[in-house]
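Please read them beside the sequence and the structure.

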Amino acid sequence: MEQFQRIILVHYHEIGLKGHNRASFEKRLQKNLEALLALYPVVTIHRVSGRLVVFLKEGTSFEEACAVTDAILFTPGVARVSCGFKCERDMAVIGQAALSALADAGDFQTFKVHGRRNHTDFPVGSMDINRQIGEVLCEAHPDKQVRMKDPDVTVNVEVVQNAAYVYARSLRGIGGLPVGSSGKAVCLLSSGIDSPVALWRIARRGATCVAVMFSGRPQTSDAAEYLVDEICQVLAKNGCVGRLYIVPFGDYQREISLLAPPSLRIILYRRLMFRVAEAIAVREGAGALVTGESLGQVASQTMDNIACTNAVVDLPVFRPLIGTDKLEIIAEAQKLGTFDISSQDAPDCCTLFMPRSPETHAKIPVVEEAEKAFPVEEWVKELMEAAEPHDYACPSYKPPKD
Ligand code: ATP
Ligand code: MG
């Protein structure tokens with residue numbers, strides 16, 4: 001069989017992408033994919049009539065093309081990915097390319113051909129493309145049936161200005177919006193199961209994410225920091241996180257645990273975390289905070305206690321998991337590839353100086369009174385200065401100018 005140049009078509013949803021929005025969305029996705037695919041056998045990526053076309057190097061194998069496809073499928077903003085070939089605008093050649101495309105589509109019983117021409121300078125109309133290419137495929141596959149409604153495989157033939165694109169293998173992407181199209185968010189990221197999923201969901205909606213992790217160091221080891229770094233590496237595979245700040249928090253928790261009423265400790269830790277995260281957000285020029293909270297999951301996540309921590313910040317706090325059950329979060333973490341990392345045990349500040357019976361219905365004035373014992377403003381400054389930045393590959397992330 002003749003070897004054609006392999007291409008991958010990247011489709012995105014067009015809903016809500018009109019006018020100016022659409023052009024910047026496309027450019028963002030193109031830049032993200034260019035960076036993401038730097039190590040793959042890609043020649044170039046072009047925008048062609050409402051899709052991106054990834055041109056693969058000559059001689060790229062089916063397996064290599066599948067690896068590129070997999071990388072693209074999990075990129076935010078990608079609705080669908082199709083793999084196929086670019087060939088000459090000649091019906092005999094298109095027929096050969098259609099056979100190759102169908103061979104890559106996997107098992108099937110029924111199929112149809114869907115022809116289109118973007119330029120009427122091509123003499124064959126779409127109905128004739130369907131009929132003629134259909135005949136070629138029927139001849140090669142006498143045991144398969146043509147079916148117009150819901151076939152197992154659709155062989156697409158698109159005639160564009162200087163070439164034809166022929167593809168049959170098509171897979172659904174994860175959708176969402178390209179990272180970098182919805183602003184910047186600061187995510188409170190622990191080594192637990194929930195917060196990596198929360199970050200992922202916000203990145204999938206197009207936010208460039210900066211993570212902040214509060215470590216129990218120096219009161220605990222730095223083991224949890226390594227887990228969070230591993231989690232960020234997984235998230236960075238699809239360009240979802242640009243930077244992680246690790247904040248050594250153990251000494252401050254110790255101070256709080258020594259002086260504050262035990263039942264209020266957790267709320268006081270969390271109010272301090274939120275203040276530091278907001279200060280980092282201001283420095284980063286981020287527009288929101290993100291947490292992995294889920295209503296009622298643990299003592300700190302009751303409505304009253306959420307109100308107590310929320311009260312210390314002005315930025316909107318996004319909680320993408322607030323209405324999600326633990327089992328659903330676990331399933332998502334498994335798909336994302338962070339679950340096994342999060343399941344490893346490491347002492348972190350979540351397990352440090354925990355009270356036996358935490359308050360579940362804290363009242364803001366009572367918490368504020370208890371907090372008066374601490375130089376909160378000074379602490380926020382100290383913690384900001386102590387925050388250690390770690391960078392990841394994220395094409396839309398720009399570090400703050402200090
Ligand atoms: P997770 O599984 O994300 O750790 P959790 O079920 O342990 O969540 P909490 O400990 O109440 O619940 O934390 C709620 C949210 O607060 C987390 O999802 C995360 O966004 C943030 N958070 C908690 N601990 C830390 C930490 N050590 N560093 C950064 N953020 C944290
Ligand atoms: Mg946790």
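1. Leaving aside its neighbours within four places in sequence, which residues is arginine 243 in contact with? They are Cys209, Val210, Ala211, Glu284, Pro389, His390, Asp391, Tyr392, Tyr397, Pro399 and Pro400, where contact means heavy atoms within 4.5 Å.

2. This is a predicted model, in which local features need pLDDT of at least 70, side-chain atom pairs count only at pLDDT 80 or more, and totals for chains, interfaces and linings use all residues. Residues are numbered from 1 along each chain as its sequence is written, chains are lettered from A and ligands numbered from 1 in the order in which they are written, and side-chain values use heavy atoms, without hydrogens or water.

3. Arginine 243 lies in strand E11 (strands are DSSP runs of E, at least two residues; helices are runs of H or I, at least four; both are numbered from the N terminus). Arginine 243 is buried, at 12% relative accessible area (buried means under 20%, with a 1.4 Å probe and protein chains only). Its side chain makes polar contacts with the side chains of aspartate 391 (2.7 Å) and tyrosine 397 (3.3 Å). A polar contact is a pair of N or O atoms within 3.5 Å; within protein, one must be able to donate a hydrogen and the other to accept it, and residues adjacent in sequence count only if both atoms are side-chain atoms.

4. Six strands form an open sheet with mixed pairing, in the order E13-E12-E9-E10-E11-E14 (two strands pair if DSSP finds at least two bridges between them). E13 (317-318) and E14 (388-391) are at the edges with a single partner strand each, so one side of each has no neighbour in the sheet. E10 (residues 208-215) pairs with E11 (residues 241-248) in the parallel sense over seven bridges.

Notes: Buried means under 20% relative accessible area, exposed over 50%, partly exposed in between (1.4 Å probe, protein chains only).
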